[in-house]
Amino acid sequence: MRKEVIEQVKAFRILKNSIRDSLKSVFRNFSLSIASVLCTTITLILVAIAIVVTVNVNHVTKSVEKELTIVVYASREVTDEQINNIESKIEKMNAVEDIDFKSKEEWKLEMKQYSETLEVTLDNLDTNPLLDSFVVKVKDVKDLAPTTKEIRKIDGVQSADYGEGMVEEIISAFNIVKTATIGMVIALVVVTAFLISNTIKLTIFSRRSEIDIMRLVGSSNISIRLPFVFEGFLLGIIGSFIPMIITVYGYFILFEKVGSSSTFSIVELIKPFPFVFFTSLVLLVIGALVGMIGSARAVRKYLKI
Amino acid sequence: MKFIQIKNCYKVYKNGVTAVADLTLNIDKGEFVFVIGASGSGKSTLIKMLYREEKPTKGIVQLGGINVGKLKNRTVYKLRRKLGIVFQDFKLLPKLTVYENVAFALECIGMKNSEIRPKVLKALEHVGLKDKIRSFPNELSGGEQQRVCIARAIVNEPKLLICDEPTGNLDANTSKEIMEVLDTINNNLGTTIIMATHDLEIVKRMKRRVLVLDSGVLSKDYEKGSYRTSESV
């Protein structure tokens, strides 16, 4: 019992000393610390940009995908029974989310309201030249092509169409942008980890004799490593401050500019709140983790016996 | 059981050099043993295997019942806490005072400040440096610096003190002082001491057990006092 308590007190003391030593080391190796912090800052700014781009591209893709509809026209000679048949067949398809029927009479009314010329023309015709139609919404963009094909096979359907080609191109372009930015983020994070680990290696190099002595007098590896890990943690946290501020202010400004400008009216950005705070938190965590991992990696070399 | 047991021990470095070959020896508790031999004879390797800086390639190195060669890297510190090690190049931290340098060894193992103080003062008293506790290493002479190292090595009351050419950087008179300090530690505290050295004058004068290494092989093992001037190394 008593021994356990002593061990706990010891562990606490080692922790306390580690934090104290890491703080000292940050100031003692000021220029190297600045270098680490700067490289973290720069990469995290790039990471922030990448996150903003990815998330917004994702957002736009989703909103485009929501509009994915197939317009189906029934043939002219179709009977009411056939209409019901078509509707129930389409409804049964797995990929279909929603189906909306519009009869030719409804179309006629709508078109008449659209313009006076149309109204006069339509009224002068003996028969209704328009067709009964369905607007079909699908669940996923991938379902568009196969569902359309299947609908075309149904008896009494004259045509079924969607924005063939273009929609898929937009979405695949967006997907490329998304993958590219995610790849960039990962690459940047790895690079930062290496840079921090190299910077800390330099500070460690100057403290090699200290580590040597610590090992000789019997410091456990963990108590040698902890101060350096804390140091990396601190450098990472400090390095993420500026990117966090830039993200918060920058995004608010961007949102206002894009929102008020007509050129970008198709692009709808994600609302800044709570997105910016979430992004900042991600940056902080990345900074801290990268700093810790980088420095832990750097000391490991000196702990091998 | 003997305090230190080395049995059929080999050490071959990665570059193919055999530093120690088929070494077998026993050392009792409280002994003072010199290890001598030309450069490259395996003295340092033997010393390094004792504090597990190097692992034996084959054979057993046992220290107080612990098979040192089998220790895992992360548990080596437990062995080091039971040893004191003194080097030729002192290995003091220049930014710390004499007191802090000695206390550093105890801080590293997580001891409380109130426990550290009396231990450090006692160790510094043993080496006769109690009046210099506030000095920095570069304000001390070589002999004094080496005495700080000895104080740091014995501050945790180790059973074994390992010295790798502790007088290598010092002149004859200072070496003599250092040897007196080591001698008192051996006599008064009962600490076992193993010391590698080039300095045959010291070895002759001390009249202790002497191990002679020759290209990795234990060529002679002189009992206490039987080593004579005429022997060449």
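The area buried between chain B and chain A is about 1,900 Å², and carbon and sulfur atoms give 59% of it. Buried area here is the accessible area (1.4 Å probe) that two parts lose on being put together, summed over both. This is a predicted model, in which local features need pLDDT of at least 70, side-chain atom pairs count only at pLDDT 80 or more, and totals for chains, interfaces and linings use all residues. Residues are numbered from 1 along each chain as its sequence is written, chains are lettered from A and ligands numbered from 1 in the order in which they are written, and side-chain values use heavy atoms, with hydrogens and water left out.

## The interface

Chain B brings 23 residues to the contact and chain A brings 19 residues, where contact means heavy atoms within 4.5 Å. One salt bridge is found across the interface of chain B and chain A. A salt bridge is a side-chain nitrogen of Lys or Arg within 4 Å of a carboxyl oxygen of Asp or Glu. The partners are B:E53 and A:R215, with their closest N and O atoms 3.1 Å apart. Three residue pairs between chain B and chain A are in polar contact, both residues being at pLDDT 80 or more. A polar contact is a pair of N or O atoms within 3.5 Å; within protein, one must be able to donate a hydrogen and the other to accept it, and residues adjacent in sequence count only if both atoms are side-chain atoms.

On the side of chain B that touches chain A, α2 (76-80), β6 (83-87) and α3 (98-108) each supply at least two residues. Helices (H or I, at least four residues) and strands (E, at least two) are DSSP runs, numbered from the N terminus. By class, this side of chain B has 12 nonpolar, two polar and nine charged residues. Ala, Val, Leu, Ile, Met, Phe, Trp, Tyr, Cys and Pro count as nonpolar, Asp, Glu, Lys and Arg as charged, and the others, Gly among them, as polar.

## The two chains

The table lists values for each chain. Buried means under 20% relative accessible area, exposed over 50%, and partly exposed in between (1.4 Å probe, protein chains only). Accessible areas come from the Shrake-Rupley method with a 1.4 Å probe; for residues, only the protein chains shown count as cover.

| Item | Value |
|---|---|
| Chain A, buried residues | 40% of 305 residues |
| Chain B, buried residues | 52% of 233 residues |
| Chain A, accessible surface | about 17,800 Å², 64% from carbon and sulfur atoms |
| Chain B, accessible surface | about 10,800 Å², 47% from carbon and sulfur atoms |

Chain A has 10 helices and four strands, in the order α-α-β-α-β-α-α-β-α-β-α-α-α-α along the sequence. Chain B has seven helices and 10 strands.

## A buried leucine in chain A

A:L283 is in helix α10 (residues 272-303) of chain A. Its relative accessibility is 0%, so A:L283 counts as buried. Among the residues that A:L283 touches, not counting those up to four places away in sequence, are A:L44, A:I51, A:S240 and A:M244. A:S240 is 43 residues away from A:L283 along the chain, yet their C-alpha atoms are separated by 6.3 Å.

## Arginines in chain B

Side chains of opposite charge can pair when their charged atoms come close. The whole structure holds 16 salt bridges over all chains.

B:R209 forms one with B:E31, the closest N and O atoms being 3.2 Å apart. B:R209 lies in strand β9 and B:E31 in the loop between β2 (18-27) and β3 (32-36) of chain B, so the pair ties together parts that are 178 residues apart in sequence. Both B:R209 and B:E31 are buried.

The side chains of B:R80 and B:E53 also meet in a salt bridge (3.3 Å, N to O). B:R80 lies in helix α2 and B:E53 in the loop between α1 (43-50) and β4 (58-63) of chain B, so this pair ties together parts that are 27 residues apart in sequence. B:R80 is buried, with a relative accessible area of 1%, whereas B:E53 is partly exposed, at 26%.

A further salt bridge joins B:R209 and B:D221 (2.9 Å, N to O). B:D221 lies in strand β10 (residues 217-222), so the pair ties B:R209 in strand β9 to a part 12 residues apart in sequence. B:D221 counts as partly exposed, at 35% relative accessibility. Salt bridges that share partners join A:R215, B:E53 and B:R80 into one network.
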